[in-house]
Amino acid sequence: MAKKTHFPIGGPATQRSPLTSDSVSLMNSTMERIRTLETDSVLVGNCIEILRAMPAGTIDMVFADPPYYLQLGTDLRRPNNSVVDGVDDDWDKFDDFAAYDRFTRDWITEIRRVLKPDGSFWVIGSYHNIFRVGAILQDLGFWILNDIIWRKTNPMPNFRGRRFTNAHETLIWASRDKSAKYTFNYDTMKALNEDLQMRSDWVIPLCGGPERLKLDGRKAHPTQKPEALLHRVLMAASKPGDTVLDPFFGTGTTGAVARRLGRRFVGIEQNEDYARLARERIAAVEPIGGAELLSIQSKRNEPRVPFGTLVERGIVAPGEVMWDATRRRTAKVRPDGTIISDDTKGSIHQVAAAALGAPSCNGWGFWHVMRNGQLVVIDALRQQVRAEYAS
């Protein structure tokens, strides 16, 4: 979560030092990288100013981890009186809620401008800020698709014992507007969840162990997000080759995961030290090779193969008997692609549903035919035809 304060492009030092020919050249070079949308790059400077210089409609997906405005007034101490290494950086400090809302509205306005019409926007926050952020993005025309609860398996305890342990953060996933045809890799999420629909509560541990970047034995960044969280976000809502923008880049978690998964990235970070760590980290990432590993399969995008096609081609013969997996229910195939059981006639789905006494049933997974003495689900025969179409 790389947080931004209102410094010009080039970082806070340019506010205090006179411009030299070298600094002007650096700023001009940075602006050219921004205007041409140089991907796989980390741009150093104020996120709002850089976003305003970026071309419109060029980003496929945004992941944003903005300042939470935690409003920590005093040190937080453990029961042994040691101080918790919390967030007390200047980038998380604002004069009041009104100032925070102005900042939020400004950067989200630019996010909507740089997104492609069918792009989507992810933003993460805590109870301190996420409700304000959600209201503002709705006011600006975004359409909320889901709120995701990231439940931490290893949250920091509530040392004072005066509140519940704060064990989650909230992600908002939104499309640019209500009619956008955004990317959602439903089948990928289902496969990631052992063939069950992915729910909106995600159980993922905090970043720790070797993944946690450190400097001089201390956390390099106070709010580094786990790569597992970004892996799921990018796999859910982007495709290989897409350009992903992170306007609060920090130490580069989004960029590292994007590189590994074959996505392009643009990171914006006002702190040069964080940007340097991010570049070093990303350079060490080995991309996944091979299109067959990165390609996203979606059943909705597969060519439609009616059961009647199998009948027409003789893959399933008229008059052939089909069974369910238990061999207790049977139906015969009709020449027109419908099937008939003892008491029902209709599509493979209608007869399967009637056999189960259910309102609906996917007949492709219910019915089987006998091949070489073994029951073969008819969906396997459909996939053979689809493979022919693709070749």
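R281 is buried, at 11% relative accessibility. This is a predicted model. In it, R281 pairs with E227 in a salt bridge, with N and O 3.0 Å apart. The salt bridge count comes to 18.

**R281 and its partners**
- R281 sits in helix α9 and E227 in helix α7 (residues 227-237), so the pair links distant parts of the chain, 54 residues apart.
- E227 is buried as well, because its relative accessibility of 16% falls under 20%.
- A network of salt bridges links E227, R260 and R281.

**Packing of α8 and α9**
- Helix α8 (residues 253-260) and helix α9 (residues 272-283) have axes that come within 9 Å and cross at roughly 20 degrees.
- α8 is therefore roughly parallel to α9, since the angle is under 35 degrees.
- The crossing of α8 past α9 is right-handed.
- From α8, T253, G255, A256 and R259 meet R281, I282 and A283 of α9.
- By class, this contact of α8 with α9 has three nonpolar, two polar and two charged residues.

**Two further salt bridges**
- E169 and K152 form a salt bridge, their closest N and O atoms being 2.8 Å apart.
- E169 lies in strand β5 (residues 168-175) and K152 in the loop between β4 (143-151) and β5, so this pair ties together parts 17 residues apart in sequence.
- E169 is buried at 9% relative accessible area, and K152 is buried at 12% relative accessibility.
- R113 forms a salt bridge with E110, the closest N and O atoms being 2.8 Å apart.
- R113 and E110 are about one helical turn apart, because three residues separate their positions in helix α4 (residues 97-114).
- R113 is partly exposed at 28% relative accessibility, whereas E110 is buried at 11%.

Methods. Residues are numbered from 1 along each chain as its sequence is written. This is a predicted model: local features need pLDDT of at least 70, side-chain atom pairs count only at pLDDT 80 or more; totals for chains, interfaces and linings use all residues. Side-chain values use heavy atoms; hydrogens and water are left out. Axes are lines fitted to C-alpha atoms, for helices over the stretch in contact, and angles run from 0 to 180 degrees between N-to-C directions. Helices (H or I, at least four residues) and strands (E, at least two) are DSSP runs, numbered from the N terminus. Angles under 35 degrees count as roughly parallel, over 145 as roughly antiparallel, 65 to 115 as roughly perpendicular and the rest as oblique. A crossing is left-handed if the near helix is turned anticlockwise from the far one by less than a right angle, and right-handed if clockwise. Contact means heavy atoms within 4.5 Å. Ala, Val, Leu, Ile, Met, Phe, Trp, Tyr, Cys and Pro count as nonpolar, Asp, Glu, Lys and Arg as charged, and the others, Gly among them, as polar. A salt bridge is a side-chain nitrogen of Lys or Arg within 4 Å of a carboxyl oxygen of Asp or Glu. Buried means under 20% relative accessible area, exposed over 50%, partly exposed in between (1.4 Å probe, protein chains only).
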